[in-house]
Amino acid sequence: MITVKDLVKTYETPIKSGSILRDIIDRQYKKNIALNHISFEIDENEFVGFIGPNGAGKTTTMKILSGILYPTEGSTKVLGYTPFEKNNKFLKQIAFVMGQKNQMLWELPAIDTFYLNKEIYEIGDASFKQRLQEMVELLACESFIDQPVKTLSLGQRMRVELIASLLHKPKILFLDEPTIGLDIFAQAAIIKFLKEYQSRYKTTVMLTSHYMQDVQRLAKRIIMIDHGTIIFDGMLKDLIRDYSEEKIINIIMDEPLEKLPAFISHYRHAYTFPQLKITIQKSQLHKILPQILESVAYNDVTIEDEHIEDIIKKIFKKKNTSS
């Protein structure tokens with residue numbers, strides 16, 4: 001579905017010399033590398049989290065894959081097409097949703113944009129009616145699709161943006177920060193919809209997000225990029241297994257403690273009855289857990305992996321320290 005080989009994208013920015021005349025006659029430029037020979041493949045029906053810090057090259061990559069930007073070097077094939085050639089058959093098989101950009105007609109109701117997209121993508125009457133009804137129900141939009149877009153909340157706008165982008169049933173969906181700025185209820189609604197939609201239609205999805213819980217709920221595979229270079233490409237479960245250094249012991253206690261056992265104070269912990277959380281190194285789990293369980297009266301015990309956000313931060317920190 002998507003093949004990227006040795007992709008490079010550079011930008012040139014003017015260097016100010018301090019002399020207006022010199023800048024006009026002999027303007028010098030600085031080359032900025034946004035993508036540095038990255039390669040990867042994404043297959044049909046994959047949901048891939050494409051993650052990295054601001055300026056890492058995530059959005060640049062997705063813009064190249066969707067044909068918005070032209071690469072400096074390397075090759076890209078999406079559905080067998082070269083994206084920047086903007087073949088109509090190619091464009092009718094993809095969708096690109098950006099959380100910070102609107103495609104909706106601001107002054108008009110969302111339903112008007114839906115009908116406009118019906119004509120642009122040449123969707124038949126029966127297919128349009130069926131798909132519109134299905135997505136309106138999935139996203140609970142029926143009460144506001146007839147309102148002017150400018151009157152909708154951010155969460156409502158994102159829901160109608162998704163409908164407008166998916167009416168033509170694209171084979172590939174690029175999602176760039178779709179839940180940015182949304183409250184927790186709107187985020188949950190969007191994530192639930194994306195999970196259901198991808199499961200139902202087997203759409204290939206590439207998602208960028210700074211909310212790692214969103215990525216964890218949706219994507220099985222992770223591609224991590226930093227300073228234009230891919231530093232990890234693999235299954236999320238493998239990333240947690242290979243890079244997680246700690247375990248979190250979560251204890252629900254039967255009765256409060258006047259004082260925590262002394263050995264627990266050597267570890268990061270948080271105690272507010274009835275919950276006691278202790279963070280330890282994975283290698284110490286077999287040794288420490290029996291001590292803890294012998295020291296407190298407990299009702300329930302769970303052992304959790306280190307939070308995915310903390311794992312990601314450590315990977316980026318190690319990479320930047322070693323480079």
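This is a predicted model: local features need pLDDT of at least 70, side-chain atom pairs count only at pLDDT 80 or more; totals for chains, interfaces and linings use all residues.
Residues are numbered from 1 along each chain as its sequence is written, and side-chain values use heavy atoms, with hydrogens and water left out.

I begin with the overall picture. The protein chain has 11 helices and 13 strands; these are DSSP runs numbered from the N terminus, helices being H or I of at least four residues and strands E of at least two. Along its principal axes, the C-alpha trace spans about 70 × 60 × 40 Å. Of the 323 residues in the chain, 45% are buried. Here, buried means under 20% relative accessible area, exposed means over 50%, and partly exposed lies in between, with a 1.4 Å probe and protein chains only. Lys171 is placed in the loop between α6 and β6 (172-176) and is partly exposed, at a relative accessible area of 46%.

Let me now return to the backbone. Most residues other than glycine have a negative phi, and most peptide bonds are trans. Leu79 is not a glycine, yet has a positive phi of about 55°. At 19% relative accessibility, Leu79 counts as buried. Lys86, also not a glycine, has a positive phi of about 55° and is found in the loop between β4 and α3. Lys86 counts as partly exposed, at 44% relative accessibility. Elsewhere, Phe273 and Pro274 are joined by a cis peptide bond with omega of about 15°. Pro274 belongs to the loop between β11 (268-272) and β12 (275-281).

What is its volume? The volume is about 510 Å³. As to method, the search runs on a 1 Å grid over the protein atoms alone, and a pocket is an open set of points where a 1.4 Å probe fits, with protein on both sides within 12 Å along at least five of seven lines; lining residues have an atom within 4 Å of a point. Grid points are joined across faces, edges and corners, and a volume is the space filled by probe spheres set on the points. The lining comprises 24 residues, and Ile94, Ala95, Phe96, Gln103 and Tyr121 lie nearest the centre of the pocket. At least two lining residues come from each of β5 (94-98), α4 (110-120) and α6 (154-166). The most come from β5, which supplies five. By class, the lining has 12 nonpolar, eight polar and four charged residues. In this scheme Ala, Val, Leu, Ile, Met, Phe, Trp, Tyr, Cys and Pro are nonpolar, Asp, Glu, Lys and Arg are charged, and the others, Gly among them, are polar.

Side chains of opposite charge can pair when their charged atoms come close. A salt bridge here is a side-chain nitrogen of Lys or Arg within 4 Å of a carboxyl oxygen of Asp or Glu. By this rule the count is 17 salt bridges.

One of these joins Arg200 to Glu196, with the closest N and O atoms 2.6 Å apart. Both residues lie in helix α7 (residues 184-201), four residues apart, which is about one turn of the helix. Arg200 is partly exposed at 38%, as is Glu196 at 32%.

Another bridge pairs Glu245 with Lys314, the closest N and O atoms being 3.6 Å apart. This pair links distant parts of the chain, with Glu245 in the loop between α9 (236-243) and β10 (246-253) and Lys314 in helix α11 (residues 308-322), 69 residues apart.

Asp305 and Lys247 also meet in a salt bridge, at 2.7 Å from N to O. Asp305 lies in strand β13 (residues 298-305) and Lys247 in strand β10, so this pair ties together parts that are 58 residues apart in sequence. Asp305 counts as partly exposed, at 38% relative accessibility. Finally, salt bridges that share partners join Glu245, Glu246, Arg268, Glu306 and Lys314 into one network.
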